[in-house]
Each structure stands twice: as C-alpha cells, then as structure tokens.
Amino acid sequence: MDVAIIGIGLHPFGRSPELTGQQQGANAVRAALADAGLQWKDMQFAYGGSQDGGNADALVNELGLTGLQFTNIWNGCATGGSSLHAAYTAIKSGEYDMGVVVGFDKHPRGAFNPKPSDWGLDNWYGESGMMLTTQFFAMKTQRYMHDHGITNDALIRVAEKAFYNGSLTSTAWRREALSYEQIANSQMVSDPLRKYMFCSPAEGGAALILCNADIARRYTRKPVLLKAAAVRTRHYGSFEVFSPSQPMQVADAPTVTASKAAFELAGIGPQEVDVLQLQDTDSGTEVIHMAENGFCEHGEQEQLLRDGATRIDGAMPVNTDGGCLANGEPVGASGLRQVHEICVQLRGEGGNRQVPGSPKVGYTHVYGAPGISGVNILTV
Amino acid sequence: MTSQIAIQEGLFSWPSDHPELLGSRCQHCGEASFPSQPDCRCCGQRDTQIVSLGHRGKLWTWTIQSFMPKPPYATDETAESFTPYGVGYVEMPGGVRVEGRIQLNPAAPLTIGMPLDLVVEPLRTDADGNQIMMFSFKPVEE
Ligand SMILES: [Zn+2]
C-alpha cells in the first residue's frame with residue numbers, strides 16, 4: 001500500500017505582522033483542504049509542530065473541535081520531516097486512512113538564540129559566544145572547501161540561483177534576483193559565508209493532506225505518492241551543530257544514512273530523481289548536501305554549479321522555489337514547504353518555474369540541530 | 001576582594017600558571033570527550049576518568065564571528081565595543097577536537113593546520129567584581 005499526498009497548502013513565507021504563527025498554520029491547513037476538496041472534519045489525525053509559534057494542537061481552536069488525534073512534533077529544523085514521517089507510518093500501518101501534517105512558525109527578527117540547557121549543554125557554551133548555528137555551518141563549509149577543493153565561486157552560484165528562483169515564486173519572501181557581484185560583495189557574516197549566503201528566520205505555514213493511495217483518486221486527478229520517508233539522527237563522529245567537541249574519527253552525517261534508507265525504501269537511485277529540495281540553511285550546506293544525499297561525488301559540485309546543473313533547466317534542479325535562502329526559515333514549516341514545492345513540480349503546476357520535461361520523481365531533504373535529517377521521495 | 005573564577009569548574013585546570021584543557025576518557029573504548037562527562041558518547045558505557053587534553057593543538061576548521069551574539073552571550077562588551085572573534089575546532093593531543101574562541105591576530109591569519117596555544121583570560125566581570133575566566137586559543141608565538 002502506498003501513501004498519497006492529495007492536498008497542499010502554504011501561507012506565504014516572510015512576515016505577516018497581523019497574524020500569529022498559529023493563524024498562519026491554520027491558513028495553510030485551509031489551503032490544503034481546499035486543494036483536496038475536503039473539510040477539516042474529514043481529517044482523522046494531525047501531526048504538527050512549531051518552534052516559536054506555540055502548540056500545533058491549538059489549531060483546533062481555529063479549525064474546529066472535531067476530536068481528532070492531534071500530536072505535536074518538535075524536532076528542530078527537521079520538525080516537518082518528522083511530522084510527515086509520523087503521518088506516513090500512521091497511514092502505512094493501516095490505522096488511519098486520511099490526515100494532515102502542518103508546520104508553522106513566527107520567529108523574532110535576527111539570528112536564533114537557543115538556550116544551552118534545551119540542548120543538554122551548560123551555560124558557558126552560550127555565554128562565551130559559541131552557540132550560533134551560523135558558526136557551525138560556516139565551519140563545516142570551511143573544512144569541506146579545504147578537503148574537497150570547493151571555492152567561493154560555488155557558494156556565490158548557489159545563492160544566485162536561489163534568489164533567481166525566488167523571484168519566480170509568488171509565495172517566497174525574497175523575490176528579487178541578485179547578481180553574482182551583489183552576492184560576492186555582500187557583508188561577510190561568518191567566514192566564508194556572506195550575508196546573501198545565509199537564510200534568515202521568518203514566518204509562514206505549510207500543510208499537506210495525506211491518505212491511503214487506494215482512495216486518492218476520489219479527491220484529486222494527480223495524487224503524489226510518498227514512496228519513502230526516513231528520519232535519522234547523528235552518529236558518533238559526525239560533525240554537528242552545538243558540539244563543544246568532536247571525536248577525531250569522522251562518521252557519515254545523518255543526511256547520508258537518511259538518504260540511503262529512503263532510496264532503499266523507494267527502490268530507486270539518485271540518478272532517477274528529476275527535481276530536488278536540499279536543506280540550504282546557507283550556500284555551503286547546499287553544496288555539501290548535494291554529495292551527502294548521493295547526487296554527486298564530493299568535490300564535483302564546483303563544476304556542476306558552473307555548468308548550471310542545479311538550475312530549473314539543469315540536469316538536477318535544486319530548490320526550484322528558492323529554497324530556504326529565498327523563503328526564509330520558519331523552522332516548523334520549512335520541511336513541509338520543501339514537500340509542497342516538489343508536489344507543485346510533479347503536478348506540473350510550477351508555471352514560470354516549472355521544471356521542463358514532466359518530472360516524475362522528486363526528493364526532499366531537511367537537516368537541523370542537533371544533527372537530524374529527514375528525507376522524502378515522491379513520485380507521480 | 002576580587003578573584004578570578006573559572007566560568008565553569010572542570011573545563012580547564014584552574015588556578016594555574018600553565019592551564020590545560022580537561023576532558024574525560026572512556027575506560028572501556030578509550031575515546032575522549034570535552035567537556036568531561038560520566039558516560040561515553042561512543043560506546044554508552046559509564047566508566048570515564050578525567051584527563052588532561054593538553055594545551056597546544058592544531059586548527060581543524062574555523063570561522064569569524066563578525067556580529068555581537070544575542071544573549072545568552074555574556075561579556076562586558078557593548079554593541080559599540082564588540083570586536084569580532086574567531087571560533088574553531090582545535091585538535092588536542094588528548095585525542096579530541098575542541099571548539100573554542102580563537103584570538104585574531106592580523107599577523108597570523110587563521111589557516112587550517114596552524115598550531116594554537118590554550119590561554120585562560122577574563123571573559124567578563126561579575127556583579128561582585130570577580131573576573132570570570134574562560135579558555136580560548138591564540139596562534140603559537142615562536
Ligand atoms: Zn566508550
């Protein structure tokens with residue numbers, strides 16, 4: 001039995017000063033229900049999460065007190081991936097036929113400022129100025145460039161593509177394309193990453209309606225099958241955010257193991273994927289994630305980016321809606337925004353950003369603190 | 001009477017004229033950890049001992065923190081007096097890569113592989129006038 005996505009909805013990413021995070025989440029659910037031609041009372045279960053927007057199960061106050069099972073999920077940046085995985089297994093197990101996943105958030109402006117104790121760390125780590133995700137991504141990128149011959153050119157090209165794709169996406173936050181020079185000359189934030197190479201915390205909501213694929217055609221002409229959903233955490237030796245120390249022995253990142261598990265579950269390989277979403281907290285992580293997810297060898301990214309392989313008209317289009325760089329990162333919603341965009345592409349509804357040639361297989365990858373990855377493989 | 005107090009007990013030997021980083025080593029698998037912990041992240045056993053990780057290491061990766069972090073960052077700096085600082089992972093002789101602040105020196109730009117020395121210096125002054133001491137690294141002066 002397969003699991004199908006039959007409804008997709010977004011509340012636009014960026015800033016919605018007049019709305020709470022929960023209201024943005026409820027808007028996304030309403031949009032997904034409308035897309036599927038269903039009503040809230042049809043939902044048998046819900047999984048949802050948010051970092052700063054409050055409890056997801058409070059959405060019933062807006063959507064209706066129908067008595068459904070509603071479970072809150074919190075897994076850092078991988079919250080959306082974990083919610084979707086929970087829904088996937090709920091349907092796959094046969095317990096439920098139909099339900100919804102929802103993610104939303106509303107972050108204060110500026111960089112995140114996590115509390116050390118929430119992450120099992122002592123206060124000195126934050127007080128001394130080492131508890132910033134931006135530092136980790138910069139240091140991982142710095143080492144990766146050193147080991148694999150990646151240059152600033154690759155980092156700039158990732159951002160250039162992201163903002164161009166964002167300019168084609170009506171729900172994106174950053175809708176202005178930026179030139180290579182604007183990115184290359186933007187302020188250095190955390191060496192080697194510059195201002196336009198980082199995504200920013202933002203607001204927004206995303207929701208998906210899922211059902212048993214056997215009944216999916218009652219609701220849509222084009223169900224998208226969720227062929228695999230895998231979530232994995234860090235291993236001893238993988239280089240992760242919020243780590244006061246790292247072992248000398250180097251292990252695969254959780255992305256590598258989540259990706260392998262998902263490909264195995266779906267029974268396909270990276271070469272069969274037509275359109276991708278890779279976690280792009282910053283330019284460097286998109287470069288690294290291309291290889292960690294199995295789409296190229298370490299070091300090949302430099303040439304692939306120069307050749308435009310990851311552009312919408314390239315051989316392996318990455319983050320066709322502008323990714324986190326152009327959409328910002330409302331943590332709870334971000335992973336589901338990725339799946340939303342893949343569904344748009346596989347349904348052929350991408351308009352001026354549609355990947356040519358009727359893509360059939362899509363892939364999403366989310367990564368977050370403190371070392372967790374979620375991968376989904378979708379087909380039509 | 002003011003004194004110099006370690007930001008946290010057990011991170012480095014203190015007070016000391018030649019402080020060293022302190023960590024733990026698993027008596028079962030031999031892996032080292034910083035800061036020290038009673039259980040081993042590698043094998044899950046709960047048999048560790050406090051060990052010195054040394055005072056001189058090699059830079060494994062780095063970045064520069066160019067803006068003043070939000071709280072819980074706690075130093076005596078203001079937005080006006082903030083100066084960028086390095087952050088990196090330093091391979092210590094004790095067999096673990098330790099994250100620390102790195103003092104920037106225009107004469108010795110940060111490069112992977114460069115040798116660094118441990119230093120313990122005041123991070124801030126508390127309400128009672130005590131200096132809160134924190135470890136960091138600086139390029140080795142030959
Ligand atoms: Zn051990």
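Q: How many helices and strands make up the secondary structure of chain A?
A: Chain A has 12 helices and 12 strands. Both are DSSP runs numbered from the N terminus: helices (H or I) need at least four residues, strands (E) at least two.

Q: What kind of model is this, and how are residues and chains labelled?
A: It is a predicted model, where local features need pLDDT of at least 70, side-chain atom pairs count only at pLDDT 80 or more, and totals for chains, interfaces and linings use all residues. Residues are numbered from 1 along each chain as its sequence is written, chains are lettered from A and ligands numbered from 1 in the order written, and side-chain values use heavy atoms, with hydrogens and water left out.

Q: What makes the four cysteines donors of the zinc ion?
A: The SG atoms of B:Cys26, B:Cys29, B:Cys40 and B:Cys43 lie 2.3 Å from the zinc ion. B:Cys26 sits in strand E2 (residues 21–26) of chain B and B:Cys43 in the loop between E3 (32–33) and E4 (48–54), so the pair ties together parts 17 residues apart in sequence.

Q: Why is the site of the zinc ion called tetrahedral?
A: The angles among its four donor atoms run from 105 to 120°. Four donors count as tetrahedral if all angles lie between 85 and 135 degrees, so the label holds.

Q: Is B:Cys26 buried or exposed?
A: B:Cys26 is buried, at 3% relative accessible area. Buried means under 20%, exposed over 50%, and partly exposed in between (1.4 Å probe, protein chains only). B:Cys43, at 31%, counts as partly exposed.

Q: How many cavities of 30 Å³ or more does the structure hold?
A: There are two. A cavity is a set of points on a 1 Å grid over the protein atoms alone where a 1.4 Å probe fits but cannot get out; lining residues have an atom within 4 Å of a point. The volume is the space filled by probe spheres set on the points, which are joined across faces, edges and corners.

Q: What lines the largest cavity?
A: Its lining has 13 residues, with B:Glu31, B:Ala32, B:Ser33, B:Cys40 and B:Arg41 nearest the centre. E2(B) gives the largest share, three residues.

Q: What does helix H5 of chain A give to the second largest cavity?
A: Helix H5 (residues 133–148) gives the most to that lining, three residues. Among the lining residues are A:Gln135, A:Phe136, B:Tyr89 and B:Glu99.

Q: What makes A:Asn319 stand out in phi?
A: A:Asn319 is not a glycine, yet its phi is positive, near 55°. Most residues other than glycine have a negative phi. A:Asn319 is buried, at 1%.

Q: Which peptide bond joins B:Phe34 and B:Pro35?
A: A cis bond, with omega about -10°. Most peptide bonds are trans. The bond from A:Asp191 to A:Pro192 is cis too, with omega near 10°.

Technical notes: Donors are N, O and S atoms within 2.8 Å of the metal (3.2 Å for Na, K and Ca); water is not among the atoms, so sites may look incomplete. Four donors count as tetrahedral if all angles lie between 85 and 135 degrees; four count as square planar and six as octahedral if opposite donors are over 155 degrees apart and all others between 65 and 115; anything else is irregular. On a 1 Å grid over the protein atoms alone, a cavity is a set of points where a 1.4 Å probe fits but cannot get out, and a pocket is an open set with protein on both sides within 12 Å along at least five of seven lines; lining residues have an atom within 4 Å of a point.
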